[in-house]
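Let's take a friendly walk through this structure, one topic at a time. Have the viewer ready as you read.

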Amino acid sequence: MSWPQRIGVIPERASCFQHRGVVDALDAAVARGGTAVLCQVLSGTGGVGKTQLAAHYARRQWQSGTVDLLVWATAGNRDAIISAYARAGAQVAGADGHDPEEAARDFLAWLETTARPWLVVLDDVADPGDLRGLWPRRNPVGRVVVTTRRRDAVLTGSGRELVPVGLFTPEEATAYLNATLAEHGREEDPEQVLRLAQDLGFLPLALAQAVAYLIDRGLDCASYRRRFADRRRTLADIMPEDGALPDEQRRTVAATWSLSVDLADRLRPAGLARPLLRVASVLNANGIPTTVLTSPPALEYLGAHIGGREVDEEDAHDALHCLHRLNLVDLAGGDVPGSRVRIHALIQRATRDQLDSAEFDRVVRVAERALMHAWPEIDNGGSGGDVRANAEALHTHAGARLWRDGAPVALYQVGRSLGRAGLAVSATQHWEQMVADARRHLGPDHPDTLTVRVALIEWRGVSGDRMGTVNALERLLADRLRVLGPDHPDTLIAHALIADWREKAGDRMGTVRATERLLAERLRVLGPDHPDTLAARALVAERRGSAGDRAGAMRELKELLAERLRVFGPDHPDTLTTRARIAERRGQSGDRAGAVRELEELLADRLRVLGPDHPDTLASRARIAEWRGQSGDRAGAVVAAQELLADRVRVLGPDHPDTLMARAVIAEQCRRAGDWAGAVRALEELLADRVRVLGPDHGDTLSTRALIVEWRGQSGDRVGAVRAAEDLLAEQRRVRGPDHPDTLGARALLAQRKGAAGDRTGAAEALEHLLADRLRVRGPDHPDTLATRARLAEWRGAAGDREGAMRALRELLAERLRVLGPDHRETLATRASIAETRGAAGDRAGAARALEELLVDRLRVLGPEHRDIAATRKRIAFWRAGQVRYYLRWRAADGSPQSMGPFPQAATARQAGVWARRGGGTGIEVVAESD
């Protein structure tokens with residue numbers, strides 16, 4: 001017999017074969033010499049090109065004369081392997097071909113003892129068990145290459161090395177497509193070629209069959225991509241027929257995984273892999289949380305496929321591992337919490353193509369319920385983002401099926417999740433698409449379509465357009481009145497939302513009118529004693545107080561308390577809440593001691609009725625601490641807040657929103673007690689935890705950063721505060737967009753910090769630009785717009801333009817009188833600013849006179865105990881006395897004399913001295929000069 005010998009047929013080289021790193025890995029294994037592994041197992045899902053890679057390697061070994069014997073065996077089952085071995089045994093070892101089992105053993109013995117170099121390729125091993133007793137034994141001159149879709153543990157160890165074969169890289173995929181098209185005289189737009197490779201997930205088999213299909217039908221890449229994107233077409237519709245497959249391929253993409261699915265479904269626990277793959281086929285290919293696929297809805301669906309037997313989480317995990325062993329899915333992270341399942345998009349599509357309409361509907365419903373069950377309680381950019389992506393994928397795959405019973409709850413949850421994560425712009429875009437889908441699938445007047453419109457309208461408001469939100473809600477109310485009638489609960493909800501958004505838009509009197517209209521409707525529809533009617537009365541009282549009618553608000557609340565006592569009794573939560581509101585109103589009117597007293601009485605009742613760990617009981621303790629601090633007992637307030645924090649950690653856990661808010665309250669109490677460093681430090685620690693729990697883009701995280709900026713500046717680090725404010729503004733623009741209220745608020749904060757750091761002209765200029773944008777975005781009457789005008793006037797005066805400041809303040813007073821009325825606190829504050837500006841311009845007597853007139857009105861509106869009363873009296877005394885101006889003087893680091901001022905108070909000048917000291921100043925002193 002002559003050598004070398006080749007047994008079996010090596011598959012033909014594929015057209016435009018791409019050299020890949022796996023071939024280099026096989027060569028490297030040989031080059032390691034004595035440490036060479038006898039057997040390389042090429043493992044990967046169907047269609048990644050394992051057979052072509054093995055054939056390329058085998059062909060090179062044969063052509064280079066490296067081996068004397070090359071055996072290529074198609075190894076789909078044990079009989080096929082034995083048959084190939086028997087033929088080889090008869091040819092090279094003289095074995096008796098009439099007994100295949102004996103001939104195979106003779107061949108294996110020959111491989112173990114021969115000195116001739118050999119290579120055995122076992123292509124497409126379906127079941128590792130088929131190789132039991134048939135693995136070639138170790139021989140330094142021999143090599144084995146196995147291709148398989150499996151990755152069972154038995155395929156490694158004992159001289160065997162698993163070599164994963166993945167998808168084409170983008171470069172390999174586009175090179176293949178361009179070369180194949182060029183063979184047929186075609187040249188395509190490189191962008192379209194890349195997009196086609198991406199659409200097909202860089203799967204070599206899919207690329208080969210797709211390019212054959214488009215060439216046969218005279219399509220370009222863009223035209224093929226349009227057909228591919230048409231969800232009405234199956235994979236079989238957009239791939240070649242069996243007789244037109246390229247490169248002697250035996251299966252279409254549509255059929256290539258069917259054998260793997262059958263094998264996975266036979267593995268223990270039998271019968272679960274296929275239905276689990278169906279659920280995964282409608283979710284996100286790039287990462288499905290295992291908590292979704294092991295949730296109770298998923299387990300119930302799996303049980304229905306095995307005769308209704310109970311299926312637990314361990315069974316579902318085992319089924320996932322069956323799919324993983326067949327390379328149908330990838331398990332990222334194993335079974336640990338937070339692990340994810342990845343699956344190729346074409347495997348998903350092939351799976352969906354096998355579903356009849358009824359089964360597809362069932363899978364969609366199961367997937368939606370599984371997502372809702374697995375949605376994290378604390379929803380942020382981590383796990384919340386993962387589940388959102390899966391809900392969006394479900395919508396993409398399911399289409400109209402998801403809308404058959406109305407608006408999908410999973411899509412509602414996506415929108416709410418985006419909002420809770422602080423992604424208001426993304427939430428708005430989501431609701432816009434959902435409204436369009438609802439109109440298409442349900443019709444414009446379907447109740448769910450109207451409800452989705454509400455969500456869109458509200459998120460537009462969150463994104464900044466609050467008056468636009470009010471106008472849109474008025475149009476929605478008209479549609480609900482037309483479609484549902486005036487007495488429908490959704491119509492009443494529309495009335496409530498209009499009142500809420502008028503309040504958010506700053507239209508205080510419009511808010512009162514809208515709330516009174518809501519109350520009238522609830523009285524008519526529900527009656528005077530219905531909880532919703534009484535809740536509307538509470539809102540009327542609160543909003544009248546916010547509009548300046550504090551006495552009327554207190555009167556309304558007391559009348560409401562009498563009604564709730566009559567209807568509900570003294571221990572009902574709503575009755576107790578009304579008492580809390582009365583106490584708050586008392587404190588806001590200046591009677592802080594009275595507020596503390598009433599809240600302590602309320603706390604005793606909440607402890608008795610609700611227990612010490614109820615949220616309302618904890619809230620009462622928080623408000624007592626707050627009002628104690630405002631009453632002057634700042635140390636006691638800090639202690640109370642710390643004790644409350646310990647209980648919230650115990651009851652709610654350290655990461656609960658209320659626990660984090662309690663930490664913010666402690667920081668505020670530290671600040672009020674004068675511990676600026678401790679307050680900033682507490683906020684920075686809170687910020688780190690909010691970033692961890694909520695993510696860096698959450699509204700609470702960004703609000704914490706804003707507070708740190710403000711407190712840093714007030715504690716003396718004015719330059720650092722400006723830098724931090726600039727960073728915060730950049731983040732707000734990135735997360736919220738340029739016109740969001742929080743972005744505009746960050747601009748106002750930056751202007752204030754600039755002014756406090758000495759750049760008064762820069763502060764005024766920044767506020768002028770901000771005012772233009774707030775006028776455009778919020779309108780002339782919004783509280784933020786009016787507040788910007790007040791700040792602008794303040795910094796104009798500080799920059800030396802006192803005449804311009806006075807003119808601006810008088811114009812502002814006219815606007816606040818028109819919008820808010822004469823008794824609103826901000827109207828009164830504007831009068832105080834005018835008096836102060838008048839005094840600073842030299843008219844001390846006029847300033848004192850204006851403040852005395854203001855004092856009369858503040859006493860009438862706020863009462864004698866309010867903190868504004870004492871402040872007004874103090875300023876009257878200041879302007880009646882000889883004016884004292886305070887200046888800060890020091891020497892800079894280079895020895896040059898520096899000065900800052902005048903300041904109205906010595907304490908303010910001393911605070912500026914902290915900034916001078918941090919800048920290296922020496923000889924710092926505060927100097928008083930009088931008229």
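## A loop arginine

Helices here are DSSP runs of H or I with at least four residues, numbered from the N terminus. By that numbering, Arg401 sits in the loop that joins helix 16 (383-398) and helix 17 (409-420). Please keep in mind that this is a predicted model.

Is Arg401 buried or exposed? Its relative accessibility is 19%, and the cut-off for buried is under 20%, so Arg401 counts as buried. Setting aside neighbours within four places in sequence, Arg401 is in contact with Ser357, Phe360, Asp361, Val364 and Arg365. For Asp361, the separation from Arg401 is 40 residues along the sequence, with 6.4 Å between the C-alpha atoms.

## Helix 12 against helix 15

Helix 15 (residues 357-374) also meets helix 12 (residues 296-304): their axes come within 7 Å and cross at roughly 150°. Angles over 145 degrees count as roughly antiparallel, so helix 12 is roughly antiparallel to helix 15.

On the helix 12 side, the contact is made by Pro296, Pro297, Ala298, Glu300 and Tyr301. Helix 15 contributes Glu359, Val363, Val366, Arg369, Ala370 and His373.

An open sheet has six of them, paired in parallel and ordered 1-3-4-5-2-6. Strand 1 (5-7) and strand 6 (160-164) are the edges, each pairing on one side only. Ignoring direction, neighbouring strands are turned by 15° against each other on average.

Within the sheet, strand 2 (residues 39-43) and strand 5 (residues 142-148) form a parallel pair with five bridges, and Ser43 stands opposite Thr148 of strand 5. Helix 2 (residues 50-63) lies across strands 1, 2, 3, 4 and 5, at about 160° to strand 5. Helix 3 (residues 78-92) lies across strands 1, 3 and 4, running at about 155° to strand 1.

In soluble globular proteins, nonpolar side chains tend to be buried together. In this model, the largest nonpolar core has 118 residues, and those with the most contacts inside it are Leu42, Tyr224, Leu283, Leu394 and Trp431. Helix 7 (residues 204-216) supplies the largest share of this core, nine residues. A second, separate core of 29 residues includes Cys39, Ala84, Trp110 and Val146.

What does Leu283 touch beyond its neighbours within four places in sequence? Its contacts include Ile288, Val292, Leu293, Leu371 and Leu394, and also Gln348, Asn390 and His397.

Note on methods:
Residues are numbered from 1 along each chain as its sequence is written. This is a predicted model: local features need pLDDT of at least 70, side-chain atom pairs count only at pLDDT 80 or more; totals for chains, interfaces and linings use all residues. Side-chain values use heavy atoms; hydrogens and water are left out. Two strands pair if DSSP finds at least two bridges between them. Helices (H or I, at least four residues) and strands (E, at least two) are DSSP runs, numbered from the N terminus. Axes are lines fitted to C-alpha atoms, for helices over the stretch in contact, and angles run from 0 to 180 degrees between N-to-C directions. Contact means heavy atoms within 4.5 Å. A nonpolar core is a set of buried Ala, Val, Leu, Ile, Met, Phe, Trp, Tyr and Cys residues joined through side-chain atoms within 4.5 Å. Buried means under 20% relative accessible area, exposed over 50%, partly exposed in between (1.4 Å probe, protein chains only). Angles under 35 degrees count as roughly parallel, over 145 as roughly antiparallel, 65 to 115 as roughly perpendicular and the rest as oblique.
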